[in-house]
Number of protein chains: 2
Amino acid sequence: MKPQVQIEYCPGCRWLLRAGWTAQELLTTFEQELGAVTLRPSETGGRFTVTVDGVVVWDRKTEGRFPEMKELKQIIRDRIAPEHDLGHSDTPERQ
Amino acid sequence: MKPQVQIEYCPGCRWLLRAGWTAQELLTTFEQELGAVTLRPSETGGRFTVTVDGVVVWDRKTEGRFPEMKELKQIIRDRIAPEHDLGHSDTPERQ
């Protein structure tokens with residue numbers, strides 16, 4: 001089964017648009033690799049947490065900030081498709 | 001547990017944007033009622049299928065067309081939150 005991403009976001013903070021944009025970016029970049037992306041409104045305020053198959057790969061509270069999109073793609077790529085070249089969104093050492 | 005919606009779409013048909021828009025519309029309208037919306041690229045071409053807790057509420061192949069957004073909201077409202085007034089997106093007999 002292909003990996004599944006979940007984005008839990010705080011609806012009261014109005015982060016749906018950010019979460020929706022993130023979902024679509026991931027589904028575009030990892031069109032072949034991802035099984036699904038789930039958008040989940042959080043019950044807890046201030047949450048923006050991204051998981052891959054249940055493993056947290058980004059938590060806003062822990063990191064103190066939102067991820068850059070290229071940063072998040074690199075983290076997810078390293079986990080689900082290490083051979084996938086992200087082009088100009090990749091780290092300098094991989095380019 | 002709150003109801004969960006899944007939107008399965010054909011990525012080869014370039015329906016991600018439509019699916020992503022639909023997900024965000026549903027999460028905005030049913031902010032209190034929905035537990036999550038999942039975007040799932042289909043393995044089968046031409047698919048645009050919406051399920052609520054695993055029950056198909058719209059299938060493009062069966063219906064022969066995409067749902068209107070207000071139509072889809074009414075269907076989902078009737079299933080998960082029959083008391084929820086959709087305002088100007090509602091059917092005439094409910095207004």
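Which residues of helix 3 of chain A do W21(A), T22(A), E25(A), L26(A) and T29(A) in helix 1 of chain A meet? That was the note I began with, and I kept in mind that I was looking at a predicted model.

**Entry 1: two helices in chain A**

I looked up the contact and found M69(A), L72(A), K73(A) and I76(A) on the helix 3 side. I sorted the residues of this contact by kind and got five nonpolar, two polar and two charged. Next I checked how the helices lie. Helix 1 covers residues 16-29 of chain A and helix 3 covers residues 69-80. Their axes are 11 Å apart, and the packing angle is about 50°. Helix 1 and helix 3 of chain A are therefore oblique to each other. I also noted the hand of the crossing in chain A, which is right-handed.

**Entry 2: the pair in chain B**

I turned to chain B and its helix 1 (residues 16-29) and helix 3 (residues 69-80). Their axes come within 11 Å and cross at roughly 50°, so these two helices of chain B are oblique to each other. Helix 1 of chain B passes helix 3 of chain B in a right-handed crossing. From helix 1 of chain B, the contact takes in W21(B), T22(B), E25(B), L26(B) and T29(B). Helix 3 of chain B brings M69(B), L72(B), K73(B) and I76(B). I counted five nonpolar, two polar and two charged residues in this contact of chain B.

How many strands does the open sheet have, and in what order? I found eight, running 4(A)-3(A)-1(A)-2(A)-2(B)-1(B)-3(B)-4(B), and the pairing is mixed. At the edges I found strand 4 (55-59) of chain A and strand 4 (55-59) of chain B, each pairing on one side only. From one strand to the next, the twist averages 20°.

I then went through some pairs in chain A. Strand 1 and strand 2 (residues 36-41) of chain A run parallel and are joined by six bridges. Here Q6(A) stands opposite T38(A) of strand 2. Strand 1 of chain A (residues 4-9) is mostly covered, with five of its six residues buried. Strand 3 (residues 48-52) of chain A pairs with strand 4 of chain A over four bridges, in the antiparallel sense. In that pair I saw V52(A) opposite V55(A) of strand 4.

**Entry 3: helices on the sheet**

I followed helix 3 of chain A and found that it lies across strand 1, strand 3 and strand 4 of chain A. Helix 3 runs at about 165° to strand 4 of chain A. Helix 1 of chain B also packs on the sheet, and it touches strands of both chains: strand 1 and strand 2 of chain A, with strand 1, strand 2 and strand 3 of chain B. The direction of helix 1 of chain B makes about 165° with that of strand 1 of chain B.

**Entry 4: two residues of chain B**

Is L27(B) buried or exposed? I looked it up in helix 1 of chain B and found it buried, with a relative accessible area of 3%. Leaving out residues up to four places away in sequence, L27(B) touches Y9(A), L16(A), L39(A), P41(A) and V37(B). I also noted 18 Å between the C-alpha atoms of L27(B) and W15(B), twelve residues apart along the chain.

My last stop was T51(B), in strand 3 of chain B. T51(B) has a relative accessible area of 11%, and it is buried. Beyond its neighbours within four places in sequence, T51(B) is in contact with Q4(B), V5(B), Q6(B), V56(B) and V57(B).

Key
Residues numbered from 1 in each chain as written. Chains lettered and ligands numbered in written order. Predicted model: local features only at pLDDT ≥ 70, side-chain atom pairs only at ≥ 80, totals over all residues. Heavy atoms only, no water. Axes fitted to C-alpha atoms, helices over the stretch in contact; angles between N-to-C directions. Parallel < 35°, antiparallel > 145°, perpendicular 65-115°, else oblique. Left-handed = near helix turned anticlockwise from the far one by under 90°. Contact = heavy atoms within 4.5 Å. Nonpolar A, V, L, I, M, F, W, Y, C, P; charged D, E, K, R; others polar. Buried < 20%, exposed > 50% of the residue type's maximum accessible area, 1.4 Å probe, protein only. Pairing = 2+ DSSP bridges.
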